[in-house]
Amino acid sequence: MPAPPEFLKYVDDNANNFIQRLADAVAIPSISGDASRRQDVIKMANWLNNQLKAVGVTTELKDLGTEQIEGQTLPLPPAILGRIGEDKNKKTILVYGHFDVQPASKSDGWDTEPFTLVRDEATGRLVGRGSSDDKGPVLGWVNVLQWHYENKKELPVNLRCCFEGMEESGSEGLDELVGRESKPGGWFEGVDAVCISDNYWLNTRTPALTYGLRGLAYYKITVSGPARDLHSGVFGRTVYEPMTDLIAIMGKLVDSQGRILIPGVEDLVSIADEDEKKIYASLDYSISDIEESAGAPIALSSDKVEVLMGRMRYPSLSLHGIEGAFSGVGAKTVIPAKVSGKFSIRLVPPQTPKLVDPLVRQYIQDEFSKLKTKSKLEIEDLHGGKPWVADHNHWNFEAAKRATWEIYGKLPDLTREGGSIPVTLTFAESLGVNVLLLPMGRGDDGAHSTNEKLDKANYLQGTKLLGTYLYEVA
């Protein structure tokens, strides 16, 4: 059941309007992890809510409560729940996305202002924070609904929407909301399957469907000592220095080859057999793909299968930054009184944050005690989520495969993704239905990085793909 040709033509004819819609969304700096931008996230929720209502969606803004951030009590941005259709003879599909973004500043290394969508006519790239992650895909659904609304066409399915503004900060409050709304009488009652568009192709050539995600355990290690910052000329080599102790600990978490040094963490995961390795060998992917995306020839291995399994099949540990240390220009000779190191572990089945947490804490405490320092140690678990794997032979995936063939003329790669979207597992467990990840963007979009972009072709073809999926899944 392919999408109507009139719909496909409508997307092409309205390309400029759809790009302007994306520009309007990118212009709102909805950074969920920045307390000073919380009102912008709420502004983004209201803007998207109005966009949905304008194309016939019945919506409700759901209050998720408050949170403590940077010493302040802040309101959580509301989640947007929506519905179209109550036909008992149709399947009911729930779509999810998020409207918050990662921090971005031109001083980070952006070539353009991150919250101004820049249209590069030569390359076809639409550059701006959130263009690919996840405002472009969310607006793809709005674009699909606009054609049906303007032409008074019924959707082939009953549609339910769930859009949130805290995905980049642990989806605070969403698990509880999904649990409540999945019960009889809730917004998600009767949902037959879920579709999420918040991930990417493996490369720049071949569409993909994703059936697995890594989970996440994110930590903050704080080491404190003196009552205030000290002058290194006066106090150097006379006191224990928190920065020295922190660096010693951070340097013992992972080696340069990516191996996790915390005992027991990698032991939780089985070794891939030869049959499983063939799955990764069949994917349209090469070492040059990852190095092109990274912008430098720095892959850990020349073996494609090893690199892909490092991204999808095995856990990883990455160091993210140090808070409280001098990082400005110049040569400030300060000994910081308190510093915090941040790192995360991407988890794969059967790992969970609950299983990994005691191993992490015990190892860090043991290594810290070996330093014989008088500094104080604190370990915080900032947020986490369990990994997820789905059945890619389910009718939900089969519909997405057919939709991909209709739009791109090729079958998609079936991938497990290295990133984490904790709500994916929440939907799967709360609703007991199949969950599909249907990406719009390419592997070089640079989500979370500088100069994030979404190709115009992917935005428009991706809009067609989302619409065609609804017809195929029907």
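Is Cys 195 buried or exposed? Cys 195 is buried, with a relative accessible area of 0%, where buried means under 20% relative accessible area, exposed over 50% and partly exposed in between, for a 1.4 Å probe and protein chains only. The model is predicted, so that local features need pLDDT of at least 70 and side-chain atom pairs count only at pLDDT 80 or more, while totals for chains, interfaces and linings use all residues. Residues are numbered from 1 along each chain as its sequence is written, and side-chain values use heavy atoms, with hydrogens and water left out.

**Overall chain**

- The chain holds 14 helices and 20 strands, which are DSSP runs numbered from the N terminus (helices H or I, at least four residues; strands E, at least two).
- The chain has a radius of gyration of 23 Å, in agreement with the value near 23 Å for a compact globule of 474 residues; the radius is taken over C-alpha atoms, and the globule rule is 2.2 Å times the number of residues to the power 0.38.
- Along its principal axes the C-alpha trace spans about 75 × 50 × 50 Å, and 53% of the 474 residues count as buried.
- Of the contacts (heavy atoms within 4.5 Å) with a separation of 6 or more, 79% are between residues 24 or more positions apart.

**Helix α1**

- In helix α1, residues 5-13, the buried residues are Phe 7, Tyr 10 and Val 11.
- These residues lie on the same side of α1 because they cover an arc of only 100 degrees around the axis, the arc being that of the directions from the helix axis to the C-beta atoms.
- The exposed residues Pro 5, Glu 6, Lys 9 and Asp 13 are carried on the face of α1 turned away from its buried side.
- The packing partners of the buried residues of α1 are α2 (15-26), α4 (131-150) and α14 (456-473).

**Helix α14**

- Helix α14 has 18 residues and reaches 25 Å from its first C-alpha to its last, close to the expected 26 Å, which is 1.5 Å times one less than its number of residues.
- Because 15 of its 18 residues are buried, α14 is largely enclosed by the rest of the structure.

**Cysteines**

- Zero disulfides are found in a search of the whole structure, a disulfide being a pair of cysteine sulfur atoms within 2.5 Å.
- Cys 162 is in no disulfide, and the nearest cysteine sulfur, that of Cys 161, is 8.9 Å away; Cys 162 counts as buried at 0% relative accessibility.
- Cys 195 is likewise in no disulfide, with the nearest cysteine sulfur, that of Cys 161, 11 Å away.
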